[in-house]
Amino acid sequence: MSSNLDPIGVFDSGVGGITAVKEIHELMPGENIVYFGDTGRVPYGSKSSDIILKYANQDISFLKSLGVKMIIAACGTVSSVIDIKTQNKELPFIGVVDPTCIAAIKSTKNKKIGVIGTQTTIKSNSYIRCIGSIDKEIQVYQKSCPIFAPLIENGVSNLPYEIVYGIVKENLSYFNQYDIDVLILGCTHYPIIENVISEVMGPKVKLINSGKEVAKYAEFILKNKNLASSMKHGGKYDFFVSDSAQTFSEIANRFLGYNIVKNVKKINIDLY
């Protein structure tokens with residue numbers, strides 16, 4: 001039986017899910033969080049659905065071994081291929097697709113929404129199906145950006161801004177032919193370069209941060225199931241990775257704004 005002081009489990013293919021951790025911390029500072037980044041097997045987005053599901057099940061098994069009260073798949077790719085309803089049988093399990101789509105639908109004025117994500121996410125058409133099930137009048141335009149996640153995992157802040165801007169602009173030029181007013185960042189890595197994406201897309205296009213939306217949804221579920229932490233602040237954070245803890249820490253430190261080196265441990269995910 002889960003306790004309200006048990007941690008929230010969050011996982012992603014790499015460092016991207018820390019964007020969700022940051023949003024959860026800001027929204028629910030009293031929640032304990034354990035995070036697993038599968039940095040040894042990143043990216044998930046270019047792999048087959050069978051391999052992604054195998055990896056995701058291992059990630060989930062690891063988090064369950066830590067006694068979490070909820071699991072968040074802070075990964076657009078996993079959220080696009082996994083059966084959320086099946087996972088929900090043991091404990092609350094949420095992905096990023098549904099809450100992100102709902103936010104996008106509420107935000108669009110002209111019913112034209114853009115989606116960027118990994119190859120697998122875009123190929124799955126998960127965002128098109130989700131949006132279409134709520135509002136069939138909305139037009140959805142998708143673009144895979146397979147270079148974004150590896151770019152971020154390898155330390156995007158080490159590159160000159162002009163180079164990053166050029167890469168982003170080239171990848172997003174597809175949307176120039178459509179009059180979208182909302183762009184879904186369908187991978188939790190992408191908010192790390194949200195400022196660049198925003199500059200490329202311009203002020204008329206609202207960006208939907210999947211990490212922020214999944215944090216809001218997690219808060220709703222926890223309160224609804226009486227699992228929200230009784231603490232108002234002071235939540236503890238532990239980070240686990242399947243490759244270099246140092247590399248992960250360097251990127252996470254810059255994004256989170258504080259040093260997490262002592263809180264990062266490397267594990268052997270193949271044991272789960």
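Mentor: Lys111 is found in the loop between H5 and E5. Helices (H or I, at least four residues) and strands (E, at least two) are DSSP runs, numbered from the N terminus. This is a predicted model, in which local features need pLDDT of at least 70 and side-chain atom pairs count only at pLDDT 80 or more, while totals for chains, interfaces and linings use all residues. Residues are numbered from 1 along each chain as its sequence is written, and side-chain values use heavy atoms, with hydrogens and water left out.

Now the backbone. Phi of Lys111 is near 60°, a positive value in a residue other than glycine. Most residues other than glycine have a negative phi. Lys111 counts as partly exposed because its relative accessibility is 28%. The scale runs like this: buried is under 20% relative accessible area, exposed is over 50%, and partly exposed is in between (1.4 Å probe, protein chains only).

Move to Lys112, which lies in strand E5. Its relative accessibility is 24%, so Lys112 counts as partly exposed. What does Lys112 touch, leaving out residues up to four places away in sequence? The list is Gln139, Tyr141, Asp179, Ile180, Asp181 and Val182. Contact means heavy atoms within 4.5 Å. Take Tyr141 from that list. Lys112 and Tyr141 are 29 residues apart along the chain, and their C-alpha atoms are separated by 7.7 Å.

Next, the loop between H6 and H7. Asn125 lies there. Phi of Asn125 is near 60°, again a positive value in a residue other than glycine. With a relative accessible area of 32%, Asn125 is partly exposed.

Then comes helix H7, residues 126-134. Which residues of H7 are buried? They are Ser126, Tyr127, Cys130 and Ile131. These residues cover an arc of only 120° around the axis, so they sit on the same side of H7. The arc is that of the directions from the helix axis to the C-beta atoms. An α-helix has 3.6 residues a turn, so residues three or four places apart point the same way. The face of H7 turned away from the buried side carries the exposed residues Arg129 and Ser133.

What do the buried residues of H7 pack against? The helices are H3 (76-81), H5 (97-107) and H6 (119-124). The strands are E5 (112-117), E6 (139-144) and E7 (182-185). Notice E5 in that list; Lys112 belongs to E5.

A disulfide is a covalent bond between the sulfur atoms of two cysteines. Here it is called when a pair of cysteine sulfur atoms lies within 2.5 Å. Cys101 counts as buried because its relative accessibility is 0%. Elsewhere, the sulfur of Cys187 has its closest cysteine sulfur in Cys75, at 6.5 Å, so the gap is too far for a bond. Cys187 counts as buried too, at 7% relative accessibility. A search of the whole structure finds 0 disulfides.

Step back to the open sheet. It has 6 strands in the order E4-E3-E1-E2-E9-E10, with parallel pairing. The edge strands are E4 (93-94) and E10 (264-266), and each pairs on one side only. Two strands pair if DSSP finds at least two bridges between them. E3 (residues 70-73) runs parallel to E4, and 2 bridges join them. Ile71 stands opposite Phe93 in E4.

Most peptide bonds are trans. Pro43 lies in the loop between E2 and helix H2 (49-65).
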